Amino acid sequence: MIHARTLQALEYHHITDHLASLCISGVGRERALGLTPFAEAEDVNLAARIYEEAADWSSRPAIGGAVFALNAFPDVSGFLHAAQASRAHAFQPDLDAFWALREVLSMARDAHASIAAPDAAKQWPHLLAMADGTPLPVQLTAALLRCISDDGLMKDESSPELYRLRGELRRLHQSCMGKVKDYALQYNMLAYLQDEFMTLSSDRYVLPLKANFKGRMQGIIHDWSQTGETCYFEPMFLVEINNRLQELKREEREEERKILLYMRGLLEAELPGAQAALELLAQLDLLQAKRRLAALLDGRCLPLTPVTEGIQLLEARHPLLVLNRAKAAKAADSAHTAKSAAKPSSTVRPLDIILRPGERALVITGGNAGGKTVCLKTLGLIAAMTLSGLPVPAGAGSHLPWFSRMDAFIGDEQSLADNVSTFTAQIEHLGKAWKHLDGSGIVLLDEFGAGTDPAQGAALAQAVLDELLDKHTFVLAATHFPALKSYALTKEGARAASMLFDSQSKKPLFKLAYDQVGASQALDVAREHGLPESIIRRAEHYLLQDGQDATTLLARLNDLAANREEELVLLKQEQEKARTVAKHEREKLEKERMRLHDEVRAQATELMRAWKEGRTTHKQALKEMSRLRASLATDNDSEQNESILPSPKNFAVGQQVLHTIFNKRGVITDVDERKSRVRLDMNGVNLWADMKALRLPGQQTAQNAPGKPSSILDGAPRQAATPTSGGSARPAGAADGASLRLDIRGHRADVALAELERFMDKTLLAGFREVEVVHGRGTGALRKQVHEFLRAFPAVEKFSLAPEDQGGDGMTIVTLR
């Protein structure tokens, strides 16, 4: 757990306040304000996975083509709570409350439908499990959509009786309008009326009559205007109509009440589903706020790793500092003074906070106002946010272990009300937490022991660090004690770090240098903040008298570390630039390769189609194919010559080489010096290869998968000289005298023949004259099927069984046209 006092010291509530401001609903803001670190590591990992899946889901269009957008929705938690509490005695239904519930259920239904996409179980399984936690109220949602309109009124179609009553009311209104018009024309009343239209007063149809004409007609005066010039007059002929109107209105209200009671019954029956719908929208609102927070922080959710891997926060920035800078920039933009406004002096400086495997303590030293406390708070607040499932401002590759407890002793903890000093308060809090600390805890100590005698405080601080290391508890300590500086450099399991400063301006650089200690720079800070120079000189005099001034040595170490940090930054920039250039070149090469491959494949396919359709002869097709290969041979040879792999100087039987054309490893089984070629065994496939096409192997290359018919054409790369996908062709003339072998032993006839057909097509396009098909002896059934296939294959000139010394009737040698 993380104690509330620690969260307060880290100002964690500012994070939740900002997160709440990014929510769009009241219920979402409540969830954000109540967010605290999880109690179990599994909950943290689950929250991080749901966050990543929600980010993926919200950016993908639904089946209809639009991305689901969560809009503001009303908070019906009070209405649902009243329904829950009033199950024993029925509560009074309210149309406005049901309209708000209608909006919530409708949006939850759409959100659930978007999450439960066809591939949801693979794309975002944890988000889907969260949405499917409790079924949504189907009947209640349908009833609300049928009975309540978008503007919050009850629809006529809510029930047949309501439809009938409202229809009669409309007919009555039309009839009344007609009678009033006829009456006014018959008795020439238009001069008496303030308005030629009738109106309603006390829910009855009346005429707006001028006050000085009120005694000229028989009827009832219901009301007067504020000026007294108009009276609302009900003629006697409208009395019966108005009485019928009142009767219909009463029946309408009764029918509406029945409909509300019906929907109340549905709500009581499906109350868990309605609560689940509100919870789903609240969780989505919170997830959406997390994404907005991540955009402001340029952050990500960190993975939890085993404690043995230590702590690694790369380019970590204090979250509140980042948010404050973002708020200042937004204020400048909103005031339209971005160019003239006083912008922040600098960006938030990132820190690398690292404890390597086996290290548990990091002792940070350096000048006052140099950033030591900020470093402690950065780690503490990032850890608290990570354990709450929130994104944090840290670079890629960062990770944290699971902290079951975190205690921070930062700032002035004295209390006049409790009659305790800063030192006493730290000791009391540490004593209470001590029994709970173990290998999964972390302690942040800011100037621990500084509130008492320096010698005793330093000794006490070292003893605390010793005990924490014995407990295997992580600890970060910021200190000015010289004894702790030596301790950090010599103690096993501890690591020293120093906040750097500019040796010229004496101002902090807010950079952390490891495995060294730094000077406190108290005198420089005092001079910087206006203390009289006479006091500074006297302090320097007393410091020299005590023989404790190591400022020059530490300043030299600081300069070396600062220079090293600058060099590392430049090196990272150069590395990133080199990666970008290499990536661009790879993409460019891949595009060109794919373009050339598609072009050659299209031409080869067209040649095969023309030959099969009889639009060209077999010899013309082969001639054109040879011309195509010859046009690419120059480029292919130049690529081989530019290979970074060395060429073998001597060839010997048993030597392993790489065939650059097929991109396959092979073992030399025979050497023909006269023809400058060698015989290779490439995973059971034997062929003669030119020596100039061989290189010494580099990285391991993939071999044919076991159980699959093996062929030299299988797995070959799609190179410039490849007429079809999956096959490899040598330059024109290089295939003469060469043979390929296909092994289909142990496979069913249909599988073997399908593989043989694919193999023959690729071999033909590659320009080989002779191939070997190994089918085995067995019962001879597979051999018979192969021979029937070869007889029907148009490109086969002849075929025969191999000589006995080459396999006999277990292999067939095929000659192509």
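**Basis of the entries.** I am working from a predicted model, in which local features need pLDDT of at least 70 and side-chain atom pairs count only at pLDDT 80 or more, while totals for chains, interfaces and linings use all residues. I number residues from 1 along each chain as its sequence is written, and side-chain values use heavy atoms, with hydrogens and water left out.

**Helix α23.** I then checked the length of α23 (residues 781–792): its 12 residues should span 16 Å at 1.5 Å a residue, and the end C-alpha atoms are 17 Å apart, which agrees. The expected span is 1.5 Å times one less than the number of residues.

**The chain as a whole.** I counted 23 helices and 24 strands in the secondary structure of the chain. Helices (H or I, at least four residues) and strands (E, at least two) are DSSP runs, numbered from the N terminus. Of the 817 residues, 46% count as buried. The accessible surface comes to about 42,300 Å², of which 52% belongs to carbon and sulfur atoms; these areas come from the Shrake-Rupley method with a 1.4 Å probe, and for residues only the protein chains shown count as cover. Among contacts between residues at least 6 apart in sequence, 69% join residues at least 24 apart, where contact means heavy atoms within 4.5 Å.

**Nonpolar cores.** I define a nonpolar core as a set of buried Ala, Val, Leu, Ile, Met, Phe, Trp, Tyr and Cys residues joined through side-chain atoms within 4.5 Å. The largest has 59 residues, and Ile353, Leu379, Leu400 and Leu444 have the most contacts inside it. Helix α14 (residues 372–387) supplies the largest share of this core, nine residues. A second, separate core has 52 residues, including Phe73, Ala100, Val104 and Ile259. I also listed the contacts of Ile353, leaving aside neighbours within four places in sequence; among them are Ile311, Leu313, Leu362, Cys375, Leu379 and Tyr514.

**Strand β8.** Strand β8 (residues 361–366) is mostly covered, with six of its six residues buried. I found Ala361, Val363 and Thr365 pointing one way from the strand, and Leu362, Ile364 and Gly366 the other way. Strand β8 runs parallel to β12 (residues 474–478), to which four bridges join it; there, Ala361 has Val475 as its bridge partner. Six bridges join β8 to β13 (residues 494–501), also in the parallel sense, and Ile364 has Ala497 as its partner in β13. I count two strands as paired if DSSP finds at least two bridges between them.

**The open sheet.** Five strands form an open sheet in the order β18-β17-β16-β15-β19, with antiparallel pairing. The edges are β18 (685–690) and β19 (694–695), each with a single partner strand, so one side of each is left without a neighbour in the sheet. I found six bridges between β17 (residues 677–682) and β18, one of them linking Asp681 to Asn686.

**Positive phi.** Glu447, not a glycine, has a positive phi of about 55°. I located Glu447 in the loop between β11 (441–446) and α16 (454–470), partly exposed at 23% relative accessibility. His472 likewise has a positive phi, near 65°. His472 is in the loop between α16 and β12 and is partly exposed, with a relative accessible area of 48%.

**Helix α9.** In α9 (residues 138–147) I found Leu140, Thr141, Ala143, Leu144 and Cys147 buried. They fall within an arc of 165° seen down the axis, so they line one face of the helix. The buried residues of α9 pack against α6 (95–115), α11 (239–269) and α12 (271–297). On the other side of α9, Val138 and Gln139 are exposed.

**Thr6.** Lastly I looked up Thr6, which lies in helix α1 (residues 4–9). Thr6 counts as buried at 0% relative accessibility. Not counting residues up to four places away in sequence, Thr6 touches Met406, Asp407 and Ala408.

Notes
Buried < 20%, exposed > 50% of the residue type's maximum accessible area, 1.4 Å probe, protein only. Arc of directions from axis to C-beta.
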